[in-house]
Amino acid sequence: MDQERKFGKRKVKLSNLEKVFFPEAGLTKGDLLDYYEKISEVILPYLKDRPLTMIRFPNGINDKQFYQKDAPDYFPDWIPTKTIKKKEGGETHYVICNDLATLMYLTNQACITPHIWLSRKDQADLPDRLIFDLDPSEDDFQKLKLAARKIRKYLKQEFELKSFIMTTGSRGFHISIPIKRQYDFDEVRSFAQAASKELEAEFPEIFTTASRKAKRDGKIYLDVARNGFGQTAVTPYSVRPIEGAPVATPLDWDELSKKDLSAQRYTIKNIFRRLGSKDDPWKNMDAEVQDLSAAIKKLQKD
């Protein structure tokens, strides 16, 4: 049954609440709305002021999906947007999700997984995050955990950079570095590419930078393409369009030692039990921004 609810000062019409979005688990659109309402205080700081791309599944995860960057004309005027010029010409009006009403409206539009820019709307060309996306070629989670530890140690020893880790809710990890907004996307991505090449050279049995799957030979692909202008990454605590409704979940590094850890360990059914027993490990990430200058200069010399 459809209903209109008030979130803050805004009213949002919620529709098709009984429509099944995750068939095997029997999870409905209403369940997804309940999740995002309950997680809102945790997820909104990660969404705040960042242009986002909507990945929409109008009839659930087993039906057609589509990516939507431009806010449609029918979106209400109270939903904020950021107009960004395309490099190839024209412009895109990205949604900015800073409050519960906007989050609920987007979820009601069947946006299961909001993806965010690595920069904020006031300086869209200057990222404040650098991400290494660990994409496994095989289902070997022990190898994936070993790879993550190698990257953490490398970043700390070589550049004195503190890194943060998150399960993607899909197959791999994201390793994020909060950085000062001083370099553009091309410069940050160039650093990430050069660092990935060094890791591949030092641990050729673990890492590959080969983008083609046929050339990866079972190794962990170090994907740094998300560090480009206009590229996006999955938002922490967002739901993935996979059966069981797994959630992208920030971790403490010592949690890699847990035997029951997997990329899909946390779901909309157990994430609140976790958050009830421990703080969000990324809660204070914005206070940990780091200067990338010395790291870039060192890598250029090498």
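## Basis

The model is predicted: local features need pLDDT of at least 70, side-chain atom pairs count only at pLDDT 80 or more, and totals for chains, interfaces and linings use all residues. Residues are numbered from 1 along each chain as its sequence is written, and side-chain values use heavy atoms, with hydrogens and water left out.

## Cavities

Cavities and pockets are found on a 1 Å grid over the protein atoms alone. A cavity is a set of points where a 1.4 Å probe fits but cannot get out. A pocket is an open set with protein on both sides within 12 Å along at least five of seven lines. Lining residues have an atom within 4 Å of a point. Grid points are joined across faces, edges and corners, and a volume is the space filled by probe spheres set on the points. Searching the whole structure gives two cavities of 30 Å³ or more.

The largest cavity holds about 130 Å³ of space. Its lining has 14 residues, and Ile 116, Arg 129, Ile 131, Pro 236 and Trp 282 lie nearest the centre. At least two lining residues come from each of strand S10 (129-135), strand S12 (173-178) and strand S15 (233-234). Helices (H or I, at least four residues) and strands (E, at least two) are DSSP runs, numbered from the N terminus. The lining divides into 10 nonpolar, two polar and two charged residues. Here Ala, Val, Leu, Ile, Met, Phe, Trp, Tyr, Cys and Pro count as nonpolar, Asp, Glu, Lys and Arg as charged, and the others, Gly among them, as polar.

The second largest cavity has a volume of about 40 Å³. Tyr 36, Cys 97, Leu 103, Leu 106, Thr 107, Cys 111 and Pro 114 form its lining. Helix H2 (100-108) and strand S9 (111-116) are the elements that give two or more residues to this lining. H2 supplies the largest share, three residues. By class, the lining of the second largest cavity has six nonpolar, one polar and no charged residues.

Strand S5 (51-56), S9 and S10 each give two or more residues to the lining. The largest share, three residues, is from S10. The lining of the largest pocket comprises seven nonpolar, 10 polar and six charged residues.

The second largest pocket has a volume of about 270 Å³. Of its 17 lining residues, Lys 162, Ser 163, Phe 164, Trp 253 and Pro 281 are the closest to the centre. Seven residues of this lining are nonpolar, two polar and eight charged.

## Helix H2

Eight of the nine residues of H2 are buried, so the helix is largely enclosed by the rest of the structure. Buried means under 20% relative accessible area, exposed over 50%, partly exposed in between (1.4 Å probe, protein chains only). The buried residues are Ala 101, Thr 102, Leu 103, Met 104, Tyr 105, Leu 106, Thr 107 and Asn 108. They pack against strand S1 (3-7), strand S2 (10-14), helix H1 (29-47), S5, strand S8 (91-96) and S9.

Asp 99 caps the N-terminal end of H2. One of its side-chain oxygens lies 3.4 Å from the backbone nitrogen of Ala 101. Just after H2, Ala 110 has a positive phi of about 70 degrees.

## Aromatic pairs

The whole structure contains 15 aromatic pairs. Rings of Phe, Tyr and Trp (its six-membered ring) pair if their centres lie within 6.5 Å; planes under 30 degrees apart count as stacked, over 60 as edge-to-face and the rest as tilted.

Tyr 35 and Tyr 36 pair edge-to-face, at 5.2 Å centre to centre and 70 degrees between the planes. Both Tyr 35 and Tyr 36 are buried. Phe 203 and Phe 207 also pair edge-to-face, at 6.3 Å and 70 degrees. Phe 203 counts as buried because its relative accessibility is 13%. Phe 207 is at 0%, so it counts as buried. Tyr 46, Phe 164, Tyr 237 and Trp 282 form one aromatic cluster.

## Ser 15

Ser 15 sits in the loop between S2 and strand S3 (20-22). Its relative accessibility is 17%, so it counts as buried. Neighbours within four places in sequence aside, Ser 15 is in contact (heavy atoms within 4.5 Å) with Asp 2, Lys 29 and Asn 108.

Key: A polar contact is a pair of N or O atoms within 3.5 Å; within protein, one must be able to donate a hydrogen and the other to accept it, and residues adjacent in sequence count only if both atoms are side-chain atoms.
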